[in-house]
Amino acid sequence: MYNTGNTVLNDDGVFSACMERQVLCGYACCKFRGGNWIMLLPGEYELADEVDLKTDHLAFQDNLHAICSKPCKNGDLKPMDCSWYPLFPANETATKFLVADHRKCPIPNKHLIDKMRAVHTAALTWEKRFPGALKRIVALSRDFVGYKPFPYKLDNQSVLEMLPEELLEITLPTEFSVDYVCMEWTSNQAGYTATSTPEDED
Ligand code: SF4
Ligand code: SF4
């Protein structure tokens, strides 16, 4: 989306690897049929009020859980979770991540390295402002649906591959079924699996 909402940190998280694939995915991450939801970070709901962003498109279950009913646009609140998608921090130092199942989000992992750095920085900024936030959101994210462990991590400024035991450690209890097909996609999902895309083989 070019005309997207704004986060409370005024960083909409738009990136080219996502824009290039929206024709295929049909904005799957903005649809809420599969038990998925948007996490509001601790303090975000309250901050949204202060920065005067509209929230009519969002339905809040409480100040940490929301779903969205129509596309956000400039002047609307875009939750931080949306701006981080398809990644989400998986540990309290935001060096390990979850990534959306690639049968829902078609962006190959190799095109998400810069995004990983950006989410790391934003998550630490948030933690500084709201101490304890990362511990809380990592615990809450265990209820997410449709994510897998991201195969890369940050070690100081280096990008390293995750070890099998590290991947296992952050695997969520609920995943999409083996025969999951995303209803939002506009064409065939052949070649896309939970953890890879055809481009990952290039
Ligand atoms: S599902 Fe992935 S590619 Fe599609 S809009 Fe969302 S982040 Fe972008
Ligand atoms: S606020 Fe709604 S439309 Fe905007 S990015 Fe999030 S889910 Fe998508």
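Which side chain meets that of arginine 21 in a salt bridge? In this predicted model, where local features need pLDDT of at least 70, side-chain atom pairs count only at pLDDT 80 or more and totals for chains, interfaces and linings use all residues, side-chain values use heavy atoms, with hydrogens and water left out. Residues are numbered from 1 along each chain as its sequence is written, while chains are lettered from A and ligands numbered from 1 in the order in which they are written.

The partner of arginine 21 is glutamate 199, with an N to O distance of 3.0 Å, where a salt bridge is a side-chain nitrogen of Lys or Arg within 4 Å of a carboxyl oxygen of Asp or Glu. This pair links distant parts of the chain, since glutamate 199 is in the segment after α7 (164-170) and arginine 21 in the loop between α1 (16-19) and α2 (22-25), 178 residues apart; helices (H or I, at least four residues) and strands (E, at least two) are DSSP runs, numbered from the N terminus. Arginine 21 is buried, with a relative accessible area of 10%, whereas glutamate 199 is partly exposed, at 24%; here buried means under 20% relative accessible area, exposed over 50%, and partly exposed in between (1.4 Å probe, protein chains only). Glu20 joins Arg21 and Glu199 in a network of salt bridges.

By the same cut-off, the count of salt bridges comes to nine. One of them is between arginine 103 and aspartate 101, with 2.8 Å from N to O, and both of these residues are buried. Another salt bridge is formed by glutamate 175 and lysine 148, whose closest N and O atoms are 2.9 Å apart. Glutamate 175 lies in the segment after α7 and lysine 148 in strand β6 (residues 147-149), so this pair ties together parts that are 27 residues apart in sequence. Lysine 148 counts as buried because its relative accessibility is 16%, while glutamate 175, at 31%, counts as partly exposed.

The segment after α7 also holds cysteine 182, which counts as buried at 7% relative accessibility. From cysteine 182 to proline 89 the C-alpha to C-alpha distance is 23 Å, and the two are 93 residues apart in sequence.

Turning to the strands, an open sheet of three has the order β1-β3-β2, with antiparallel pairing, where two strands pair if DSSP finds at least two bridges between them. Its edge strands are β1 (38-39) and β2 (58-60), each of which pairs on one side only. Between β2 and β3 (residues 65-68) there are three bridges in the antiparallel sense: leucine 58 has cysteine 68 as its bridge partner, and alanine 59 stands opposite isoleucine 67. A hairpin of four residues joins β2 to β3. On the other pairing, β1 and β3 are connected by two antiparallel bridges, and isoleucine 38 stands opposite alanine 66 in β3.

The surface also carries a patch of negative charge, in which Glu46, Asp49, Glu50 and Asp52 gather. Such patches are made of residues with over 30% relative accessible area and no salt bridge, with like charges joined within 9 Å and nonpolar side chains (Val, Leu, Ile, Met, Phe, Trp, Tyr) within 5 Å. Glutamate 46 is found in helix α3 (residues 44-50) and counts as partly exposed because its relative accessibility is 37%.

Terms used:
Areas by Shrake-Rupley, 256 points an atom, 1.4 Å probe, with all protein chains shown as cover. Lys, Arg positive; Asp, Glu negative; His and termini not counted. Charge placed at Lys NZ, Arg CZ, Asp CG, Glu CD.
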